[in-house]
Amino acid sequence: RRPKNFPPGPPILPLLGNLLQLNLKNPLKDFERLRKSYGDVYSIFIGRKPAVIINGMKAIKEAIVTKATDFAGRPQDLFINNITKRKGVIMVDYGSSWKEHRRFALMTLRNFGLGKNSMEDRIHEEIKHVIGTLEKSIGKTMSPQVMFHNAASNIICQVLFATRYEYDDALIKLVVGCFTENTKITNGPWAMLYDALPLIHYLPLPFRKAFKNAETLENLVLEFIREHKRTRVPGEPRDFIDCYLDELEKRDGNGSSFSDAQLIRYTLDLYFAGTDTTSNTLLTGFLYLINYPHIQERCQQEIDKVLEGKDRASFEDRHNMPYMQAVIHEVQRVANTVPLSVFHCTTRDTELMGYSIPKGTMIIENLTSVLNEEGQWKFPHEFNPENFLNDQGEFVKPEAFMPFSAGPRMCLGEGLARMELFLIMVTLLRKFKFTWPEDAGEPDFTPVYGVTLTPKPYHMKVQLRTSQ
Ligand code: HEM
């Protein structure tokens with residue numbers, strides 16, 4: 001039963017809750033349908049667990065920005081919490097450990113932006129390898145999926161371990177395999193059964209594979225940490241792990257939440273959060289740009305003009321590229337890369353849009369409902385950079401642009417992601433022309449649902465631009 005004054009929702013079945021009313025392979029359409037019946041704030045039961053779904057900019061902002069700390073928790077009773085051992089940052093509940101670790105990562109990532117071997121240098125270094133891959137495909141068609149995934153993976157590996165891997169490296173294949181399988185298990189029926197039936201936790205069922213994969217990943221990172229401990233020079237960090245080890249030394253014995261075990265999970269969290277998100281956004285971007293050639297050409301004209309005489313783009317150049325900025329933001333809007341954000345949880349009894357929500361309730365912010373919300377966008381249902389341009393052709397960012405979410409739990413890697421998207425897209429569009437292969441049929445823009453939305457695999461034709 002719904003508690004008193006709880007947000008309304010569809011009738012609940014014993015044990016199953018509303019599971020039968022949702023397409024678990026992709027609930028986005030069901031969420032939209034339920035919004036039409038019950039309003040912007042409604043509830044469903046996932047088995048016996050209540051969850052409040054928040055839709056539309058007004059309600060989402062009231063929750064995660066205005067009542068920020070009330071809604072800044074993470075559920076702690078899910079399968080994924082057992083996999084991540086309640087450490088790291090993404091699934092850690094609101095509290096001092098999360099705060100300390102988040103602050104540390106934000107500061108560290110910001111410091112990488114400075115000086116020699118800055119974040120820009122690291123990204124450009126990786127772009128050279130992407131260009132190398134594309135050059136081998138000139139005049140041919142190629143599938144960009146692995147290339148973009150590896151680029152995003154290598155950029156975050158550079159930040160974490162100051163290392164990059166060849167595109168067919170066995171270690172990276174193992175890492176990607178473990179993460180892919182774990183994401184699938186975590187989103188699948190076995191994780192749901194695990195959550196609903198504690199008695200089955202120790203049975204040899206398919207979800208045990210996820211624990212094994214997690215152990216493999218943790219052992220790999222542990223090896224990196226050991227190697228860093230052997231070779232580091234205190235006070236002269238080469239990468240994120242060195243920075244953390246410096247911090248660990250500084251805090252030693254002060255009852256701090258910093259530890260080797262935290263570092264292992266933190267490293268995995270950052271790797272996981274930083275790869276599929278950026279690479280799926282890039283894949284979506286190129287899918288649209290090759291199918292909207294006039295938009296691609298207009299980007300190239302702007303890039304040529306602004307970068308004339310320069311050997312490479314810098315992130316600062318974005319201020320002189322309103323059209324490119326508009327295109328990248330529009331790509332992020334239609335890509336809707338993390339459609340339901342990461343689940344939140346209320347940290348105390350609270351209220352939202354007149355409803356009462358008890359402490360510990362799972363909160364699902366439906367970012368999809370904001371990124372295509374009618375009334376917030378000039379063209380909510382089409383790919384159109386005009387959504388981010390005013391009448392003078394200047395770049396403007398509407399309030400409803402929240403692919404990184406908002407409030408205290410907002411994406412911690414936003415700065416890095418934006419820099420990657422800008423530098424990669426600008427550099428590649430400057431050098432190459434991308435087209436849809438003549439024999440590829442009609443493009444399918446419908447993404448595949450998951451924690452991140454992924455475009456269906458596609459091929460693109462690569463040509464060197466004549467003006468370069
Ligand atoms: C286009 C790329 C990206 C998108 C669209 C994206 C989106 C998001 C979203 C929607 C959340 C959930 C926020 C919430 O719970 O309210 C999130 C969290 C997070 N993201 Fe990203 N992200 C991207 C790239 C990255 C990168 C490159 C990193 C790595 C440095 C990263 C690290 C994180 C972390 C650590 C969290 C958890 C923050 C916390 O719980 O405090 N993300 N991201």
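Predicted model: local features only at pLDDT ≥ 70, side-chain atom pairs only at ≥ 80, totals over all residues.
A crossing of two helices is called right-handed if the near helix is turned clockwise from the far one by less than a right angle.

**Entry 1: α9 and α10**

I began with helix α9, residues 208-231, and helix α10, residues 240-251. Their axes come within 10 Å and cross at roughly 70°. Angles of 65 to 115 degrees count as roughly perpendicular, so α9 is roughly perpendicular to α10. With the definition in hand, I noted the crossing of α9 and α10 as right-handed. On the α9 side I listed Phe224, Ile225, His228 and Lys229, and on the α10 side Ile241, Asp242 and Leu245. Sorted by class, this contact of α9 with α10 has 4 nonpolar, 1 polar and 2 charged residues.

**Entry 2: α5 and α6**

Next I turned to helix α5 (residues 119-135) and helix α6 (residues 145-161). How far apart are their axes, and at what angle do the two pack? I found the axes 9 Å apart and an angle of about 155°. Angles over 145 degrees count as roughly antiparallel, and α5 and α6 are therefore roughly antiparallel to each other. Their crossing is right-handed. From α5, the residues I noted are Arg122, Ile123, Glu126, Val130 and Thr133; they meet Met147, Ala151, Asn154, Ile155, Gln158 and Val159 in α6. The classes here come to 6 nonpolar, 3 polar and 2 charged residues.

**Entry 3**

I then followed an open sheet of 3 strands, ordered β3-β9-β8, with antiparallel pairing. Which strands sit at the edges? They are β3 (141-142) and β8 (432-435), each pairing on one side only. Strand β9 (residues 460-464) is joined to β3 by 2 bridges, and Thr141 has Lys461 in β9 as its bridge partner. On the other pairing, 4 bridges join β8 to β9; there I picked out Phe434, whose bridge partner in β9 is Val462. As a reminder to myself, strands of a sheet pair through backbone hydrogen bonds.

What lies across β8 and β9? It is α11, running at about 80° to β8.

**Entry 4: the ligand, and α11 again**

Around the ligand I counted 25 residues, and the closest are Ala273, Gly274, Ser405, Cys411 and Gly413. Two elements give two or more residues to this shell: α11 (260-291) and α15 (414-431). Of the elements, α11 gives the most, with 7 residues. By class, I have the shell down as 13 nonpolar, 9 polar and 3 charged residues.

The angle is about 35° and the axes are 11 Å apart. This is another right-handed crossing. The contact uses Gly274, Thr277, Thr278, Thr281, Leu282 and Gly285 of α11. From α15 come Leu416, Ala417, Glu420, Leu421, Ile424 and Met425. I make the classes 6 nonpolar, 5 polar and 1 charged.

How values were computed. Residues numbered from 1 in each chain as written. Near = placed C-beta within 6 Å. Nonpolar A, V, L, I, M, F, W, Y, C, P; charged D, E, K, R; others polar. Axes fitted to C-alpha atoms, helices over the stretch in contact; angles between N-to-C directions. Parallel < 35°, antiparallel > 145°, perpendicular 65-115°, else oblique. Contact = placed C-beta atoms within 7 Å. Pairing = 2+ DSSP bridges.
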